[in-house]
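Me: I've got a structure to get through before class. Can you walk me through it?

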Amino acid sequence: MTDELSYIDFFPYDAPREGQEDMMQTINQVVREGRNICCEAPNGFGKTCVTLAGVLPWVKENEGKVLYCARTHKQLDRVIEELSAIDDGERVVSGVSFRGRRHMCINPFIMENMDSSIPLSEVCGQLKAEHRCPFYERLRGLDPYDFLDKIAISVLSAPQIIKVAKKRKLCPYELAKKLAKVVDVVALSYLYVFDPFIMSTFIPEIETRLSNVILVQDEAHNVPSTALDSASDSLTLGTIRQAMREANKYNDTLGKQFCRGLAKSVLDLSSEMGDNEEMILKPEGIMSAALENSGVEREEQPLAHMEDLGAKIKIGLLKAGKFPRSTIFRVAKFMQRWVSHSDRVDYAFLLKSEIRRSSRRVSLDLHALDPTSVTQPILSMIRGSVAISGTLSPLEAYSEMLGFENSAVRASFRSPFALKNRIGIIVDGVDTSYKSRGQDVYTQMAEHCAAAANATPGNTGIFTTSYHIGRSLLKMGLEKKLEKKLFLEEQGMKSSENDKMINEFKSRATGKGAVLLGVQGGRNSEGGDFPGETMECVVVVGVPYAKPMPRIDALIAYYDRRFNNRGRDYAYVLPAVTRATQAAGRPVRRLNDRGAIVLLDQRFATPYLRRFLPSWLEEVTTVIPNSPEMLSNRISEFFAS
Ligand code: SF4
């Protein structure tokens, strides 16, 4: 029997800090036992590196594979950086990170015609089947071991793969897939694992025995909502009308009649709905109404006919060198799924009307209600999973929603520096609940925000529950009260514009400092990295509860049945507190970062919400009265000390 490898051999830094060795050891043990674990550790703890060191011994001993899932490209690159540090050029471990085809494809036909309405996998699949992608053809026969030997690197990020592949005129995406077969760690988006369609094609392609796979779920608080999104679908009235025009173009009477009937049924049902409203539908009702309005008999099977026609249209377009779009196909597939799910109690069937960019958008929404119906089938096939996050409290709740068994390990690890480097303050006497909202409250809130920002030496982030509340703070003179420049995250801002603004915001940190006004759950409060002075204080304005809508009621009712009457906690309260604590964690990104966290809503002080605060925040948080002066003093004293 070979000696067991030690996790310390895979830890790339001098000596693990307090807590890190605990976490490595715990993960190592759990993986060896083939179980699942839910871990919470604060930002700056080194979760990525510690997790890799914990799982790699078993993986190396057993020719296993780590599928390391994260949400953003930055997080995936971070995995590869840590793995490179572990490898240190010695080629003892190997790994690749993936982007989607959208980011890795180099075929000009795809790049010029790409749009979000068509799954690229479908077009790529057709091109490959017809030997019409030269970048793929050149990859035939490539041996991944030989390739890694030739380039003499065993850990490659997606941008590195794109670079080496482009040079050799090879498809970067398919090259990454070939390399994924032979490396120890594959860093990839959640969608590869939690989208049933992608999973069913991707995993067989990397030729890995699932019983040897360890799944790491980074930022695992996102997994329940990601799983629900991937199992949900939506069809707009606009797409149905496009399908009607397409049927007309191809002289297809049955398709045209059915789409017209479906469009009329959707329009009739939505005619009384206001802006941004939704209603629960009886799933079979819309199909019957569509058939009735179209005059088509059920026996004529319009959906099967449209699926067949749509597939032929797509093949024809591709043969003619055009991009294979067919909305007839899209409508047929969606409605087939709608009908086949009609007796599923873990789905809600909705009609939604909303205003987007000043025009009305009506859609049929097939809304999944059970994240475990996506996660559990995968968990049952693999060896085990490690779920990690800085905001996974309470662990029991997340463990259940992730689909872990009752005996799964739950562990919370603490930062040795938390107490002296952080201060948490809840301000009493103000809140953003509907009954409290008004000019008085917004004025007081603007004063608190300014008091916190002006008392902070570096930058401050202010994250409100909505853009509307942000605008209300501005109306009450927030900008004038600030002694620093204000940067505004605007709704619908392009990501390049946001990046430019954030760079400028960060560059002011070492001068007088600056203030960023954004929203909770937005790209800056969830994914933004603000180390050191680039954000030393954060003000979380309000509790970001979801707007009460029929889909939330349906989720609460379903969760009540699924999770022992905890529907409201799991479906409504917990997502709000997690969003708030994600924003609260922005100033403490590294172990030595100091940060002041202000929770500007008295409801955070109630036992009802406080029980969901993560330990790294709860243990440093106190409540103060409604006094901007006292808030300013507390923050000044903290930074002076
Ligand atoms: S094989 Fe690669 S390059 Fe070719 S179409 Fe597919 S993703 Fe693009």
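Me: What does the secondary structure of the chain come to?
Reply: There are 31 helices and 19 strands. Keep in mind that this is a predicted model.

Me: Why call it as compact as a globular protein of that length?
Reply: Because the radius of gyration is 26 Å, close to the 26 Å that the globule rule gives for 641 residues. The C-alpha atoms fill a box of roughly 75 × 70 × 45 Å, taken along the principal axes.

Me: How many of the residues count as buried?
Reply: 46% of the 641 residues. As for contacts between residues at least 6 apart in sequence, 80% of them join residues at least 24 apart.

Me: OK, sheets. In what order do the eight strands of the open sheet run?
Reply: The order is β4-β3-β5-β2-β6-β11-β1-β12, and the pairing is parallel.

Me: Which strands are at the edges?
Reply: β4 (155-156) and β12 (409-412), each of which pairs on one side only. The partner of β4 is β3 (residues 95-97), with two bridges in the parallel sense. V96 stands opposite L156 in β4.

Me: Which helix packs on that sheet?
Reply: Helix α1 (residues 20-33) does, touching β1 (37-40), β6 (213-217), β11 (384-389) and β12. The direction of α1 makes about 170° with that of β1.

Me: And the open sheet of four strands, what is its order?
Reply: That one goes β7-β10-β9-β8, with antiparallel pairing. β7 (233-236) and β8 (277-280) are the edge strands, each pairing on one side only. From one strand to the next, the twist averages 20°.

Me: How many bridges join β9 to β10?
Reply: 10 of them, between β9 (residues 347-356) and β10 (residues 359-368), which run antiparallel. One example is K352, whose bridge partner in β10 is S363.

Me: What does helix α15 touch there?
Reply: Helix α15 (residues 253-270) packs on the sheet and touches β9 and β10. Its direction makes about 75° with that of β9.

Me: Changing topic to the ligand. Which residues come nearest?
Reply: C105, C124, C133, Y136 and C171, out of 14 residues around the ligand. The elements giving two or more residues to the shell are α6 (120-129), α7 (134-137) and α10 (172-180).

Me: Which of those gives the most?
Reply: α6, with three residues.

Me: And how do the shell residues divide?
Reply: Into 10 nonpolar, one polar and three charged.

Technical notes:
Residues are numbered from 1 along each chain as its sequence is written. This is a predicted model: local features need pLDDT of at least 70, side-chain atom pairs count only at pLDDT 80 or more; totals for chains, interfaces and linings use all residues. The radius of gyration is taken over C-alpha atoms; the globule rule is 2.2 Å times the number of residues to the power 0.38. A residue is buried if 20 or more other C-beta atoms lie within 10 Å of its own, exposed if 12 or fewer, and partly exposed in between; C-beta atoms are placed from the backbone. Two residues are in contact if their C-beta atoms, placed from the backbone, lie within 7 Å. Two strands pair if DSSP finds at least two bridges between them. Axes are lines fitted to C-alpha atoms, for helices over the stretch in contact, and angles run from 0 to 180 degrees between N-to-C directions. A residue is near a molecule or strand if its C-beta atom, placed from the backbone, lies within 6 Å of it. Ala, Val, Leu, Ile, Met, Phe, Trp, Tyr, Cys and Pro count as nonpolar, Asp, Glu, Lys and Arg as charged, and the others, Gly among them, as polar.
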